[in-house]
Structures are given as C-alpha cells and as structure tokens.
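Me: I would like to learn how to read a model of this kind, one feature at a time. Could you take each idea in general terms before turning to the case at hand?

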Amino acid sequence: MTERTLSIIKPDAVAKNVIGEIYSRFEKAGLQIVAARMVQLSRADAEGFYAVHKERPFFNDLVEFMISGPVMVQVLEGEGAIAKNRDLMGATNPKDAAPGTIRADFADSIDANAVHGSDAPETAKVEIDYFFGESGLCPRG
Ligand code: RTP
Ligand code: MG
C-alpha cells in the first residue's frame, strides 16, 4: 500500500552535513520526497510535536536537543513507507541499531540519534499535518 510518513533529520545529523547521504538512502529504498523544509523549531513546536512523550523522563532532554539547531523535515511516500523508513533508521538506541542503518552509521547516542520517523498510520497523518497539511505536499504518483 502506498503510504506517507514524516521523517525528521535531527540537529546532530544536520550539523554533521549528512542530509544528502540520508536522502540518498530514502531514494535507493524507493521512497520519494513529496515535501521538505528546513526549520529551527521553537520550544513550543518541539513540545507540541512530542506531546505524546510529555510524561516521560527524557522529555525535557529530547525537547532541548530538538531545538539545539535546525532540523530537516520531509514527507516520504512509497510502498509501506512507514515501516520502510523505520527499517532504514534502525533501533532508537544506536548501540542496538543494525549495521548499515542510518542510526548505526550517523547517530551518537539515544538522544542524538540522527532521525525521527512516524511509527504508525495515525501518527504519520498527525505529524504530516503538524508540519505541512495536505496542500503542502506534491504527490509524485
Ligand atoms: P523517534 O520518535 O524520534 O523516531 O524515535 P523512536 O520512535 O525510535 O523512539 P521514541 O520511543 O518515540 O522516543 C522519541 C525519542 O526520544 C528519545 N528517547 N530517549 N533516554 C531515553 O531513554 C530515551 N528514549 C527515547 C530518542 O531520541 C527517541 O528518538
Ligand atoms: Mg517515536
């Protein structure tokens, strides 16, 4: 099934100058970029985006990290895009991430872990709307 998912290249990976390398992995996996924007998140933006985690002990560190520099936000479209992107990303903690995944290759820690990807169709829709809305996408068919 053709799906869309929200991907974020986090401040650590933007600072490492590997946006292109990460985009190349999306493209080689058959995912198409249908929207993209570089943004410096405000604290309110980051708290809103990660609201599901607000009771978690790592919430404040996560917000601080996500506002520490610009992020690159994109919508990926393709067959099974949500799971495919999660496979490309690898495990949340780079120590557990399979060799060849984005986190294994570019992440430094569970906090600075290079990328975000939506984890289910419902969250993908909410997250895409949060940054773009339907009219902000360019479907590639
Ligand atoms: P993401 O949402 O960023 O794609 O990552 P994920 O699904 O693999 O992980 P999730 O459980 O949704 O957690 C969101 C982000 O919070 C940070 N985190 N820190 N210190 C910790 O125990 C901990 N656990 C999660 C990570 O940066 C994770 O990506
Ligand atoms: Mg998550």
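Predicted model: local features only at pLDDT ≥ 70, side-chain atom pairs only at ≥ 80, totals over all residues.

Reply: Let us begin with contacts, where two residues touch if they have heavy atoms within 4.5 Å. Leaving out residues up to four places away in sequence, His-116 touches Leu-6, Ser-7, Ile-8, Lys-10, Phe-49, Tyr-50, Asn-85, Met-89 and Glu-127. His-116 is also the residue that UniProt lists for "active site", in an unreviewed entry; UniProt positions are given in the numbering used here, feature names are shortened, and annotations may be inferred rather than shown by experiment.

Me: In which element does His-116 lie, and is His-116 buried or exposed?

Reply: Helices (H or I, at least four residues) and strands (E, at least two) are DSSP runs, numbered from the N terminus, and His-116 belongs to strand 4. As for burial, a residue is buried under 20% relative accessible area, exposed over 50%, and partly exposed in between, using a 1.4 Å probe and protein chains only. His-116 has a relative accessibility of 11% and therefore counts as buried.

Me: Which contacts does its neighbour Asn-85 make?

Reply: Asn-85 is found in helix 5, and its relative accessibility of 0% makes it buried. Apart from neighbours within four places in sequence, Asn-85 is in contact with Thr-5, Leu-6, Ser-7, Phe-26, Leu-31, Leu-76, His-116 and Gly-117. Separation along the chain is another matter: Asn-85 and Ala-29 are 56 residues apart in sequence, yet their C-alpha atoms are 8.6 Å apart in space.

Me: How should I read a pocket, and what volume does the largest pocket have?

Reply: On a 1 Å grid over the protein atoms alone, a pocket is an open set of points where a 1.4 Å probe fits, with protein on both sides within 12 Å along at least five of seven lines, and lining residues have an atom within 4 Å of a point. Grid points are joined across faces, edges and corners, and the volume is the space filled by probe spheres set on the points. Here the largest pocket has a volume of about 620 Å³, and of its 25 lining residues, Tyr-50, Val-52, His-53, Leu-62 and His-116 lie nearest its centre. Helix 3, helix 5, strand 4 and helix 7 each give two or more residues to this lining, with helix 7 giving the most, namely four.

Me: Which residues does UniProt list for "binding site", and which of them line the largest pocket?

Reply: The unreviewed UniProt entry lists Lys-10, Phe-58, Arg-86, Thr-92, Arg-103 and Asn-113 for "binding site". Of these, the lining of the largest pocket includes Lys-10, Phe-58, Arg-86, Thr-92, Arg-103 and Asn-113.

Me: Is Thr-92 buried or partly exposed, and what of Arg-103?

Reply: Thr-92, in the loop between helix 5 and helix 6 (102-106), is partly exposed, with a relative accessible area of 42%. Arg-103 lies in helix 6 and counts as buried at 5% relative accessibility. Beyond its neighbours within four places in sequence, Thr-92 is in contact with Arg-103, Ile-110 and Asn-113.

Me: Why do the buried residues of helix 7 line one face of the helix?

Reply: In general, an α-helix has 3.6 residues a turn, so residues three or four places apart point the same way. In helix 7 (residues 121-131), the buried residues are Ala-124, Glu-127, Ile-128 and Phe-131. Seen down the axis of helix 7, they fall within an arc of 100° (taken from the directions from the helix axis to the C-beta atoms), so they line one face. The face turned away from the buried side carries the exposed residues Glu-122, Lys-125 and Val-126. Among the elements covering the buried residues of helix 7 are strand 1 (2-9), helix 3 (43-49) and helix 5 (81-89).

How values were computed. Residues numbered from 1 in each chain as written. Chains lettered and ligands numbered in written order. Heavy atoms only, no water.
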